[in-house]
Amino acid sequence: MKNSSEKLSTGCNNCSVAILFLRMFIGGVMLMHILGNLQDYDIVVGTYPSILGMSGPTSLATATMVEGLLAVMIILGFGTRPAAVAMAIVWTVALIQSAVEGGITTDASKLHFVYLGIYVALAISGGGDYAFNIPRMSDKMS
């Protein structure tokens, strides 16, 4: 019986290349987003909300490190689905927050919605053939 990646590759010759591009693209965009936050640290830290009882600066540092780690995981294709689900949750919260503050039609809300869509697509597709995936037990038995 064919595993899921064999089924995908037989149906679409370029699907894995497209998934690789999407992983590289969104990971690079996220790393640029993080660098932008670090460059504007003095501005961002004053407005960053406190999360889970941590202060604003501590929340910013924690979120930056977690988002950076998840972006690298997505680029490498290591744990793509869990990393994409985590990022989808982050951008869902950001979308809700920006929608509450300024409305759903603001540029920030639209951008958050696009990021959310990309992460949901990666959560569905996984890392593709060009990823550092941990083999599942079912793959070893076939």
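## Overall fold

Helices (H or I, at least four residues) and strands (E, at least two) are DSSP runs, numbered from the N terminus. The model is predicted: local features need pLDDT of at least 70, side-chain atom pairs count only at pLDDT 80 or more, and totals for chains, interfaces and linings use all residues. Residues are numbered from 1 along each chain as its sequence is written, and side-chain values use heavy atoms, with hydrogens and water left out.

Of the 142 residues in the protein, 32% are buried (under 20% relative accessible area; exposed is over 50% and partly exposed in between, with a 1.4 Å probe and protein chains only). Among contacts (heavy atoms within 4.5 Å) between residues at least 6 apart in sequence, 65% join residues at least 24 apart.

## Helix α2

Helix α2 has 25 residues and reaches 36 Å from its first C-alpha to its last, close to the 36 Å expected at 1.5 Å a residue (the expected span is 1.5 Å times one less than the number of residues). Its buried residues are Cys15, Ser16, Ile19, Arg23, Ile26, Gly27, Val29, Met30, Ile34 and Asn37.

Met30 is found in α2 and is buried, with a relative accessible area of 0%. Leaving aside residues up to four places away in sequence, Met30 touches Glu67, Ala71, Met87, Trp91 and Tyr119. The C-alpha atoms of Met30 and Ala71 are separated by 6.3 Å, although these residues are 41 residues apart along the chain. Met32 also lies in α2, but at 58% relative accessibility it counts as exposed. Between Met32 and Gly68, 36 residues apart along the chain, the C-alpha atoms are separated by 9.9 Å.

The axes of helix α2 (residues 15-39) and helix α4 (residues 56-76) come within 8 Å and cross at roughly 160 degrees (axes are lines fitted to C-alpha atoms, for helices over the stretch in contact, and angles run from 0 to 180 degrees between N-to-C directions). That makes α2 roughly antiparallel to α4 (angles under 35 degrees count as roughly parallel, over 145 as roughly antiparallel, 65 to 115 as roughly perpendicular and the rest as oblique). The crossing of α2 with α4 is left-handed, a term for a near helix turned anticlockwise from the far one by less than a right angle, with clockwise being right-handed. From α2, the contact is made by Arg23, Met24, Ile26, Gly27, Gly28, Met30, Leu31, His33, Ile34 and Leu38; from α4, by Thr64, Glu67, Gly68, Ala71, Ile74, Ile75 and Leu76. These residues divide into 10 nonpolar, five polar and two charged (Ala, Val, Leu, Ile, Met, Phe, Trp, Tyr, Cys and Pro count as nonpolar, Asp, Glu, Lys and Arg as charged, and the others, Gly among them, as polar).

For α2 and α6, the axes come within 11 Å and cross at roughly 140 degrees. That makes α2 oblique to α6. The crossing of α2 and α6 is left-handed. Here Ile19, Leu22, Arg23, Phe25, Ile26, Val29 and Met30 in α2 meet Tyr115, Ile118, Tyr119, Ala121, Leu122 and Ser125 in α6. By class, this contact has 11 nonpolar, one polar and one charged residues.

## Helix α5 and Thr80

At 1.5 Å a residue, the 23 residues of α5 should span 33 Å, which agrees with the 32 Å between its end C-alpha atoms. Buried residues of α5 are Thr80, Ala83, Ala84, Met87, Ala88, Trp91, Ala94, Leu95 and Ser98, and they pack against α2, α4 and α6 (107-125). Just after α5, Gly103 takes a positive phi of about 100 degrees.

Thr80 is placed in helix α5 (residues 80-102) and counts as buried at 3% relative accessibility. Beyond residues up to four places away in sequence, Thr80 touches Arg23, Ile74, Leu122, Gly126 and Gly127.

## Packing of α5 with α6

The axes of α5 and α6 come within 8 Å and cross at roughly 160 degrees. The two helices are therefore roughly antiparallel to each other, and their crossing is left-handed.

On the α5 side, the residues are Thr80, Arg81, Ala84, Val85, Met87, Ala88, Trp91, Thr92, Ala94, Leu95, Ser98 and Ala99. They meet Ala108, Ser109, His112, Phe113, Tyr115, Leu116, Tyr119, Val120, Leu122, Ala123, Ile124 and Ser125 in α6. The residues of this contact divide into 17 nonpolar, six polar and one charged.
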